[in-house]
Structures are given as structure tokens and as C-alpha cells.
Amino acid sequence: MGDLGFNYRHTPFRYVSRWKDGKWDDGVLTEDNILHINESSPALHYGQQCFEGMKAYRTKDNKIQLFRPDENSKRLNRSCSRLLMPSIPYEKFIDAVKQVVLANEDIVPAYGNGETFYLRPFVIGVGENIGIHAAKEYLFVVFGLPVGKYFAGGLNQVDFCTTDYDRAAPNGTGANKVGGNYAASFYPKKLAREAGFVECIYLDPLTHTKIEEVGAANFFAITQDNKFVTPISNSILPSITKYSLLHLAKERLGLEVEERDCYIENLKEFKEAGACGTAAIITPIRSISHKDWTHYFDNGEEVGPVTQKLYDTLVGIQFGDVEAPEGWIEIVK
Ligand SMILES: Cc1ncc(COP(=O)(O)O)c(C=O)c1O
């Protein structure tokens with residue numbers, strides 16, 4: 001993969017639409033990357049905002065395509081509904097995303113080194129407001145930028161540690177992609193970085209015995225008898241990548257799959273483990289440190305064979321080199 005990394009950069013066009021008096025306007029593309037919003041906007045004070053992360057991929061034959069954008073749209077609307085924000089009809093969502101990709105077409109990275117055009121749709125509550133209640137006006141914005149690796153290392157193995165902090169409460173907003181979950185994760189991430197780890201692993205907030213999230217990615221593992229396993233909990237963000245891997249593990253690799261508890265004290269049941277997400281793609285986990293011990297997965301410095309196959313299948317589908325399950329790919333051009 002090239003060395004773009006995962007950093008903000010100014011790009012020519014973004015899309016902005018406003019919700020006012022009960023409806024969305026048509027939305028426009030603009031070159032202005034500064035939002036002009038009221039100082040009392042609920043997004044600024046009460047965290048009334050949610051977002052998505054998705055990518056546009058350039059294929060070998062120079063098409064540009066999206067991976068399961070309907071799932072991003074559904075998740076954005078679930079987040080909106082949890083925070084009492086108006087939903088975005090799918091037609092509007094996909095039209096906005098495509099407009100941004102096409103308007104920035106020249107900077108969608110070339111096929112071949114794993115780089116992509118990352119898209120960030122978001123909804124924020126704006127307008128005059130001081131009481132603790134939902135906004136009366138909203139902005140739906142989509143911007144994008146070329147990106148490379150999220151975790152340094154690409155398909156190299158990385159080390160994680162658990163944290164005593166929680167990113168979400170048992171019946172809170174962990175399953176929604178809302179800003180508050182992420183603000184709460186900055187400090188534990190800083191501590192993990194200072195201790196020499198790439199990110200921290202969150203355990204279930206109620207008992208602190210089960211793995212939930214790997215930073216801003218979901219966890220999966222391969223058992224000693226070759227099952228694909230991933231945690232289940234209502235405080236985990238339902239990762240589109242994770243559910244895609246569940247499907248591919250079963251249908252393409254012929255593995256048994258299980259969504260069930262993954263106990264931190266029982267890591268020896270797994271021979272491979274990884275973090276997965278739009279940004280993280282698949283990042284193999286070399287070790288997990290918890291309290292006073294460190295568990296190393298079986299493959300040493302090598303990427304496990306199942307993880308490698310899952311990566312090749314997923315990334316192959318995203319870049320158009322491997323046939324996709326029906327409905328997973330939306331062509332932009
Ligand atoms: C907390 C968290 N978990 C998991 C994921 C992975 O989800 P997805 O595969 O839909 O990108 C993300 C990124 O969106 C995330 O922020």
C-alpha cells in the first residue's frame with residue numbers, strides 16, 4: 001500500500017444539505033470546507049451528531065465503485081433515530097455520495113496499491129438552541145479524501161492491550177456511530193499508545209470479561225478447529241466489514257461461523273485474531289496484553305492463513321477482482 005496514511009487533506013468538493021421546517025433541501029456541492037453554524041448548535045454542546053465511514057474503490061478497468069453503501073445508509077439512519085435526528089432517504093444518501101466521488105474523481109487513488117477514496121457522511125444538529133433537547137435544524141454533509149493505511153503495518157501483525165475504560169454503556173449508544181463514543185475513546189487510546197500498543201481493546205462494560213471492540217474496529221478470531229468467531233453485544237458497533245467477513249467465511253471459505261462471547265481469559269481457544277473495519281480493513285493481531293500477561297497468537301510474525309484468505313477475498317471484492325455476492329457493489333462510474 002502507498003504511504004498516504006489516514007490523514008485529513010483538503011479536497012475540491014463536498015456536499016451539504018440542510019433540514020429545516022420538517023424537510024431536507026436538495027443539497028449542493030461546494031468548494032467551501034468550513035461549516036458556518038450557530039454557536040449554540042446541539043451538535044457542539046450535547047453531541048447531537050452521527051457519522052459514517054465508507055470507501056470508493058478504483059478497479060483495474062478504471063471503474064469507481066462503492067462497497068455495500070446501503071448498509072452505511074441503514075446504519076446512519078439508526079444512529080439518527082437514536083439521537084432524534086431526521087433520517088436520510090437512501091436515494092438522497094447515495095446521490096450525495098456519488099456526487100462527491102464524481103466531483104473529486106481526479107483524486108480517487110489509482111488501482112493497484114490499496115489506496116482508496118474515504119467518504120465521511122455525517123449529520124449534525126444545528127441552529128439556535130440552549131436547552132437540552134433536539135435541534136430544530138440539521139446538516140447532512142458528505143466529504144471525502146484519499147487514504148492509505150489506518151493502522152501502520154497494512155497486513156502486518158500488530159499488538160493491542162485491553163483497557164479498564166469503557167467506550168459505551170450496556171444500554172447506551174455503543175451500537176450507534178455517534179461522536180460521544182469516540183470522544184470517550186481518545187484518552188484510553190492515548191494511554192495504550194504511550195504503553196507501546198497501537199490501540200486498546202474494550203471489554204464488555206458490564207463484566208469486563210469479554211472482548212467487544214478493537215479501538216474503532218470489530219474483533220474476530222479463528223478457533224483452533226477453524227471456526228470464524230466474533231463477539232455479540234448490544235454495545236458493539238455492527239461493523240459492515242465484520243458482517244461481510246462472517247458471510248465470506250461461511251460461503252466462500254466454508255468455515256463454521258459463530259457470533260458469541262469471546263472471553264479475554266480464554267484466548268488460547270483462538271489460533272488467529274484480527275481487527276476489521278472500513279478503515280482498518282483486516283489488521284491481524286499478533287498479541288493482546290491484559291493486566292499482567294500477554295497472549296501471542298500462533299503465527300508468530302506471519303499472518304495466519306485464514307486471515308490472509310479472508311483479506312484476499314474481501315479486498316478482491318472491494319477492488320472488483322473477485323466476484324461479489326449479489327448487491328454488494330454499487331458502481332459510481
Ligand atoms: C467503533 C467501531 N467499530 C467498528 C467499526 C468498523 O465498522 P465498519 O466495518 O462498518 O467500518 C468502526 C468503523 O466504522 C468503528 O468506529
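A: Start with accessibility classes: buried means under 20% relative accessible area, exposed means over 50%, and partly exposed lies in between. The model here is predicted. His208 has 25% relative accessibility, so His208 counts as partly exposed.

Q: Where is His208, and what is its phi?
A: Most residues other than glycine have a negative phi. His208 has a positive phi near 55°. His208 sits in the loop between β10 (200–203) and β11 (211–214).

Q: What is the phi of Lys291, and is the residue buried or exposed?
A: The phi of Lys291 is positive, near 50°. Lys291 is in the loop between β16 (281–290) and β17 (293–296). Its relative accessibility is 67%, so Lys291 counts as exposed.

Q: Which residue takes a positive phi in the hairpin of β1 and β2?
A: Asp21 does, with a value near 50°. The hairpin has two residues between the strands. Strands β1 and β2 (residues 23–24) run antiparallel and are joined by two bridges. Trp19 stands opposite Trp24 of β2.

Q: Which other strands pair with β1, and in what sense?
A: In a regular strand the side chains alternate between the two faces of the sheet. Here, β1 (residues 14–20) pairs with β3 (residues 28–30) in the antiparallel sense, over three bridges. Val16 is opposite Val28 in β3. β1 also pairs with β8 (residues 137–147), again antiparallel, over five bridges. Ser17 has Phe140 as its bridge partner in β8.

Q: How should I read salt bridges, and how many are found in the whole structure?
A: Side chains of opposite charge can pair when their charged atoms come close. The search of the whole structure finds 16 salt bridges. One of them joins Arg18 and Glu137, with the closest N and O atoms 2.6 Å apart. That pair links distant parts of the chain: Arg18 is in strand β1 and Glu137 in strand β8, 119 residues apart. With 28% relative accessibility, Arg18 counts as partly exposed.

Q: How far apart are the closest N and O atoms of Lys250 and Glu251?
A: They are 3.8 Å apart, and the pair is a salt bridge, since the cut-off is 4 Å. Lys250 is partly exposed, with a relative accessible area of 48%.

Q: Which residues are linked in a network of salt bridges?
A: The network links Asp225, Lys227, Glu258, Arg260 and Glu269.

Q: Is Asn72 buried or exposed, and what does its side chain contact?
A: Asn72 has a relative accessible area of 2%, so the residue is buried. Its place is in helix α2 (residues 69–82). The side chain of Asn72 makes a polar contact with the side chain of Glu52, at 2.8 Å. Not counting residues up to four places away in sequence, Asn72 touches Glu52, Gly53, Met54, Phe67, Phe93 and Ile240.

Q: Where is Arg68, and which residues are in contact with it?
A: Arg68 is found in the loop between β6 (64–67) and α2. Leaving aside neighbours within four places in sequence, Arg68 is in contact with Ile240, Tyr243, Ser244 and Trp328. Its side chain makes a polar contact with the side chain of Ser244, at 2.9 Å. Arg68 has 13% relative accessibility, so Arg68 counts as buried. The C-alpha atoms of Arg68 and Val257 are separated by 21 Å, and the two residues are 189 apart along the chain.

Q: Which residues make the nonpolar surface patch?
A: Tyr46, Ile130 and Ile132 make a patch of about 370 Å². Ile132 is in the loop between β7 (116–126) and β8. At 74% relative accessibility, Ile132 counts as exposed, because that value is over 50%.

Key:
Residues numbered from 1 in each chain as written. Predicted model: local features only at pLDDT ≥ 70, side-chain atom pairs only at ≥ 80, totals over all residues. Heavy atoms only, no water. Helix = DSSP H or I, 4+ residues; strand = E, 2+ residues; numbered from the N terminus. Buried < 20%, exposed > 50% of the residue type's maximum accessible area, 1.4 Å probe, protein only. Polar contact = N/O pair within 3.5 Å; in protein donor to acceptor, adjacent residues only side chain to side chain. Contact = heavy atoms within 4.5 Å. Pairing = 2+ DSSP bridges. Patch = residues over 30% accessible without salt bridge, like charges linked within 9 Å, V, L, I, M, F, W, Y side chains within 5 Å. Areas by Shrake-Rupley, 256 points an atom, 1.4 Å probe, with all protein chains shown as cover. Salt bridge = Lys/Arg side-chain N within 4 Å of Asp/Glu carboxyl O.
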